[in-house]
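Please examine the aromatic side chains of the protein shown here. Which of them pair with one another, and where do charges sit over rings?

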Amino acid sequence: MENFMNGSIVESLENKTIFITGSTGFLAKIFVEKLLRVQPKLKHLFLLLRAPDPESALQRFHTEVTSKELFRVLRSTHGAKFNTFISEKVTVIAGDIALKNFGLGEDSDLLNKLFKDVDIVASFAATTKFIERYDVALEVNTLGAKNVLDFSKKCSKLEMLVHVSTAYVCGEESGVISEKPFLIGKTLNQTSEILDIEAELKHMRNRLEELEALQVSKSEETEAMENFGLERSRAFGWPNTYVFTKAMGEMLIGKYGGNLPIVIIRPTIITGTYKEPFPGWIEGARTIDTFLVAGAKGKLPCFLGNAESMLDVVPGDMVANAVIVAMVVNANHQSSDPFIYQVCSSQTSPLSAIKLRDYSHSYLLKNPLIGKDGNPVNVVMPICLPTMDSFRRYIYVKYRLPLKVLELVNIALCQYFKNTCQVMNRKINRVMHLVEVHEPYIFFKGKFDDLNTERLRMAIRANETDTKLFYFDPKSLDWDDYFVNIHIPGLVKFVIR
């Protein structure tokens, strides 16, 4: 805090060297762009990218980061000197957080330079698939967190390690969810089985060996490892592999962090940018956007949710701002536990899930998409289904029952409709899978406490410039305006096109 009080956030970033993992991800890109735009006097950014060699890493950086529309403001600011500016300020490193020292070797010149120069480590790298191969999720989300921590401990000038997690490490907890660190071995249910991370790694390796002995195909191995991840997650009370392995990553940081200055950021559902570098930028259909995109294409006849269902949503630029403020305000702090910040909206600016249906329908009535046939896509108000039971009944009556009839006809006609039956069955199973994966979040009963995050906002409130430049107060959001005029148009432009 003392470091921050001597100047503004922007001034505190001057001449800093920052090491960033996961910089091809949605949130990390926003973070990188903001740093370069507001503080061109940053000393240097080192970006770790997963790639086989430096040339491939650099190509991936240009393709997946600086060439994106997100960088158009920065590109416009620097004009013809943009590429020179980037090359002077950014070094791309080919590596992998799943490996010790990121695979850079034990005593390489590059590694020693990083240990000597890096002031701040910001780790965004993660696999965010809810249902991921257990080996992949453990290596990236759990062991990766420990590898970044071990690297940070060797940085002689380290002021801060920022680890980006997710608020949903809480599982399906209800009530007010506090900003507290996870204790090693903590489970979310009353299972008699002890959560031992080393044992989980052994279980994972044993399962891989079993599959190898069975000589299964790569696709069969992937499916088996995805199912194994779900099985292990649910055994301890987590709904999916993503949040389970992220929780274990937090546990390792808490256990082995010592007195290292560490901040853990737990964002909720991250959506398109609110203001910067311009409103509405988004990349890919993210969680709730899957349903919004389906509605825009006229493929959402029903909507799952009720008036009591609340969504916790935060625009990406607000989350990036919170990360920057947290790492500056807490620089060089000494604590036996990491500082936890839940970047969320459910306490101060709750959003009813049912409003998503209304926002989507309202926007698309006025701005329908044009289909492949050149005609506007017909948009209907989806039927609201308030429970999972009502959704299953709807699917059975509208889709499964007709499929059963068609299957009987198919038998009578010597498999004439075999392909049609298979396609219908795949589509039904795909929809059921999608909804069941998202069920814990559609009917989430918790509200995230953000007292620490509010203190963070108060820390910069005296500086009007910082407050405007690094806004992350959800109370400033008008959900009606944000979704209808910013987020959904951004989805149409950058995702649906």
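Predicted model: local features only at pLDDT ≥ 70, side-chain atom pairs only at ≥ 80, totals over all residues.

Residues are numbered from 1 along each chain as its sequence is written, and side-chain values use heavy atoms, with hydrogens and water left out.

The whole structure holds 26 aromatic pairs. Rings of Phe, Tyr and Trp (its six-membered ring) pair if their centres lie within 6.5 Å; planes under 30 degrees apart are stacked, over 60 edge-to-face, and the rest tilted. Two of these pairs are tabulated below.

| Pair | Type | Centre to centre | Angle between planes |
|---|---|---|---|
| Tyrosine 168 and tyrosine 441 | edge-to-face | 5.0 Å | 80° |
| Tyrosine 359 and phenylalanine 483 | stacked | 5.4 Å | 10° |

Tyrosine 168 lies in the loop between β5 (160-164) and β6 (175-177) and tyrosine 441 in helix α16 (residues 418-442), so their pair ties together parts 273 residues apart in sequence. Helices (H or I, at least four residues) and strands (E, at least two) are DSSP runs, numbered from the N terminus.

Tyrosine 359 in helix α14 (residues 354-366) and phenylalanine 483 in helix α19 (residues 479-496) are 124 residues apart, and both are buried.

The charged end of lysine 146 sits over the ring of tyrosine 256, 4.9 Å from its centre, and lysine 275 lies over the face of tyrosine 471, 4.8 Å from the ring centre. A charge sits over a ring if NZ of Lys or CZ of Arg is within 6 Å of the ring centre and within 35 degrees of the ring normal.

Definitions and conventions
Buried < 20%, exposed > 50% of the residue type's maximum accessible area, 1.4 Å probe, protein only.
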